[in-house]
Amino acid sequence: MNNLSKIGFFIFFIFVAGLIIYSIITTESFGDKYIEEMRIADADGTLNALSDEISIQIGKSVCNEVNNWIDEETSLFSIQKILLQNKIDVKKENRIIPIIRFHSIYELCPENIYVLDEIFENNE
C-alpha cells in the first residue's frame, strides 16, 4: 500500500468511526419522546414527583391493559387504577388520564392505536 492509500484508508476509518459515534450519541432511548410529551401535557403537575423510569413504567402498564378495554369508561378506570398503584390518587375525570392514555399508546405501543378507535366507537 502506498502512502496515499494509507491516508485515504485512515480518513475513511475516521469518517466511519465519527458516524458511528454520532449515531450513538444522538439516538433517543426508549420512552424519551413519551416523557417529553407527558411533561409538556401535564400542566397541573400531577406527575411532577415521578421519576422518568416510573412514568415509563406507568405507560407500559397502560399498554399492557389496552386489550382489556371495552369502552372509554373502562380505559379511564384502568388508567386510574394504574396511577393509584403508583401512589397517584386522581379522579377519573382528571385531564391527565386521557393524556396518559393517548401518549402511552401513541409513543410506547403504537401498534395498539386501533384500540383508541374501537373504544370511542363503542361509546357511540
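Which residues does Asn-112 touch, not counting residues up to four places away in sequence? Keep that question in mind; the answer comes in point 5.

1. **What you are looking at.** Please remember as you read that this is a predicted model. The chain has six helices and zero strands. If you trace the elements from the N terminus, they run α-α-α-α-α-α. The radius of gyration is 22 Å, well over the 14 Å that the globule rule gives for 124 residues, so the chain is more spread out than a compact globule. You can see this in the box that the C-alpha atoms fill along the principal axes, roughly 75 × 30 × 20 Å.

2. **Two residues that show the span.** Then find Glu-121, which is 118 residues from Asn-3 along the chain. The C-alpha atoms of these two residues are separated by 70 Å. Asn-3 itself is exposed, with a relative accessible area of 57%.

3. Of the 124 residues, 31% count as buried. The accessible surface of the chain comes to about 8,300 Å², and carbon and sulfur atoms make up 58% of that surface. Now look at the contacts with a separation of 6 or more: residues 24 or more positions apart account for 59% of them. As for charge, the chain carries 10 positive and 20 negative side chains. The centres of these two sets lie 7 Å apart.

4. **The disulfide.** A search of the whole structure turns up one disulfide. Its partners are Cys-63 and Cys-109, with 2.2 Å from S to S. The pair links distant parts of the chain, 46 residues apart: Cys-63 is in helix 3 (residues 52–65), while Cys-109 sits in the loop between helix 5 (96–108) and helix 6 (113–123). The torsion about the S-S bond is about -90 degrees, so this disulfide is left-handed. Are the two cysteines buried or exposed? Buried is under 20% relative accessible area. Cys-63 has 11%, so Cys-63 is buried. Cys-109 has 2%, so Cys-109 is buried too.

5. **Back to Asn-112.** Here is the answer to the opening question: Asn-112 touches Cys-63, Val-66 and Ile-105, once residues up to four places away in sequence are set aside. One of these, Cys-63, is a disulfide partner from point 4. Asn-112 is placed in the loop between helix 5 and helix 6, and Cys-109 is in that loop as well. With a relative accessible area of 10%, Asn-112 is buried.

6. **Two exposed loop residues.** Asn-67 belongs to the loop between helix 3 and helix 4. Its relative accessibility is 57%, so Asn-67 counts as exposed. From Asn-67 to Ile-100 there are 33 residues in sequence and 16 Å in space, C-alpha to C-alpha. Further along, Lys-87 lies in the loop between helix 4 (72–85) and helix 5. Lys-87 is exposed, with 77% relative accessibility.

7. **A backbone angle to check.** While you are at Lys-87, have a look at its phi. Most residues other than glycine have a negative phi. Phi of Lys-87 is near 65 degrees, a positive value in a residue that is not glycine.

Methods. Residues numbered from 1 in each chain as written. Predicted model: local features only at pLDDT ≥ 70, side-chain atom pairs only at ≥ 80, totals over all residues. Heavy atoms only, no water. Helix = DSSP H or I, 4+ residues; strand = E, 2+ residues; numbered from the N terminus. Rg over C-alpha atoms; globule rule 2.2 N^0.38 Å. Buried < 20%, exposed > 50% of the residue type's maximum accessible area, 1.4 Å probe, protein only. Contact = heavy atoms within 4.5 Å. Areas by Shrake-Rupley, 256 points an atom, 1.4 Å probe, with all protein chains shown as cover. Lys, Arg positive; Asp, Glu negative; His and termini not counted. Charge placed at Lys NZ, Arg CZ, Asp CG, Glu CD. Disulfide = S-S within 2.5 Å.
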